[in-house]
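Welcome, and thank you for taking a look at this structure. Let us walk through it together, one part at a time.

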Amino acid sequence: MESLDLIRVLTARAAVRSFADQPVLPEVLAQIIGVARWTGSARNRQPWRFVPVFERELLEKLGGLGAYAQHLASAPCALVLLSADNGFQDTEFDLGKVSQTITLAATALGLGSCLATIYPEVNVTAAAQLLEVESGWLPRHAISLGYPGEPVSGSRAIAAGRLSTAELLTTHRP
Ligand SMILES: Cc1cc2nc3c(=O)[nH]c(=O)nc-3n(C[C@H](O)[C@H](O)[C@H](O)COP(=O)(O)O)c2cc1C
């Protein structure tokens, strides 16, 4: 496959929120992070850490810490993304970049994934306490990871598809 096609196939993989009853082995997570750690960040700060969660009780509690985070509760595993509480404007941008690498690597290994936003702020604090996160680190997002299960039937809450290239590649300037 051409490398551009490969990137397209990996990137276009829809979010997966339903998972097969198959564990994600710690070695697989290590493979994913082994790729994701090469993601570039502003001033190479690498303002990220990753907490793997496998315990069902913890996953269920995390699933209650965001209005759309329920998929964490039924995933075999979640990777909680910690962002450095360092006040730099680029930090959450960096976290977005590394999340994308994690998602692409997971897809390449046959896993499905979906982001979850932990919010409001009180839930970020609750997640930090739950996971006994060191001070200076904030669990603002988590990624459900698992082998894809049967897709959930019924109407989607969010529209699928994407804007076209023409819509995105705008010539309008302020
Ligand atoms: C920053 C960010 C936060 C997201 N938070 C959630 C979330 O809390 N719950 C959820 O189910 N999906 C979440 N998603 C996944 C998006 O809803 C999904 O990528 C988008 O709707 C496109 O859907 P598709 O990948 O299935 O095409 C998030 C995605 C991003 C990039």
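Which polar backbone atom is 3.3 Å from a nitrogen atom of the ligand? That atom belongs to Leu 115. Keep in mind along the way that this is a predicted model.

Let us stay with the ligand for a moment. Its surroundings include Ala 14, Ala 15 and Arg 17, then Tyr 68 and His 71, and also the run Cys 114, Leu 115, Ala 116 and Thr 117. Arg 156, Ile 158 and Arg 162 complete the list of residues around the ligand. With His 71 the side chain is involved: one of its N or O atoms is 3.5 Å from an oxygen atom of the ligand.

You will find His 71 in helix α4. His 71 counts as buried because its relative accessibility is 7%, and the cut-off for buried is under 20%. Leaving aside residues up to four places away in sequence, His 71 touches Arg 17, Phe 19, Cys 114, Leu 115, Ala 116 and Ser 144.

Now turn to the sheet. It is an open sheet of 4 strands, arranged in the order β1-β2-β4-β3, with antiparallel pairing. At its edges are β1 (48-53) and β3 (112-117), each of which pairs on one side only. From one strand to the next, the twist averages 25°.

Strand β4, residues 137-146, pairs with β3 in the antiparallel sense over 6 bridges. Along this pairing, Thr 117 stands opposite His 141, and Ala 116 stands opposite Ala 142. Both Ala 116 and Thr 117 are also among the residues that surround the ligand. β4 also pairs with β2, again in the antiparallel sense, here over 8 bridges. In that pairing, Trp 137 of β4 is the bridge partner of Ala 84. β4 is mostly covered, with 8 of its 10 residues buried.

The helices come next. In helix α2, residues 26-36, the buried residues are Val 28, Leu 29, Ile 32 and Ala 36. Seen down the axis, these buried residues fall within an arc of 100°, so they line one face of α2. Their cover includes β1, β2, α5 (91-108) and β4.

Helix α3, residues 56-63, has Leu 59, Leu 62 and Gly 63 as its buried residues. They lie on the same side of α3 because they cover an arc of only 100° around the axis. The buried residues of α3 pack against β1, α4 (71-74), β2 (77-84) and α6 (121-130).

Finally, a few details of the backbone. Most residues other than glycine have a negative phi, and most peptide bonds are trans. Where does this model depart from that pattern? Asn 44, which is not a glycine, has a positive phi of about 50°, and Gln 46 has a positive phi near 50°. Asn 44 sits in the loop between α2 and β1, and Gln 46 is found in the loop between α2 and β1 as well. Asn 44 counts as exposed because its relative accessibility is 52%, whereas Gln 46, at 33%, counts as partly exposed. As for the peptide bonds, a cis one joins Tyr 119 and Pro 120, with omega about -5°. Pro 120 has its place in the loop between β3 and α6.

Conventions:
Residues are numbered from 1 along each chain as its sequence is written. This is a predicted model: local features need pLDDT of at least 70, side-chain atom pairs count only at pLDDT 80 or more; totals for chains, interfaces and linings use all residues. Side-chain values use heavy atoms; hydrogens and water are left out. Two strands pair if DSSP finds at least two bridges between them. Helices (H or I, at least four residues) and strands (E, at least two) are DSSP runs, numbered from the N terminus. Axes are lines fitted to C-alpha atoms, for helices over the stretch in contact, and angles run from 0 to 180 degrees between N-to-C directions. Buried means under 20% relative accessible area, exposed over 50%, partly exposed in between (1.4 Å probe, protein chains only). The arc is that of the directions from the helix axis to the C-beta atoms. Contact means heavy atoms within 4.5 Å. A residue is near a molecule or strand if one of its heavy atoms lies within 4 Å of it. A polar contact is a pair of N or O atoms within 3.5 Å; within protein, one must be able to donate a hydrogen and the other to accept it, and residues adjacent in sequence count only if both atoms are side-chain atoms.
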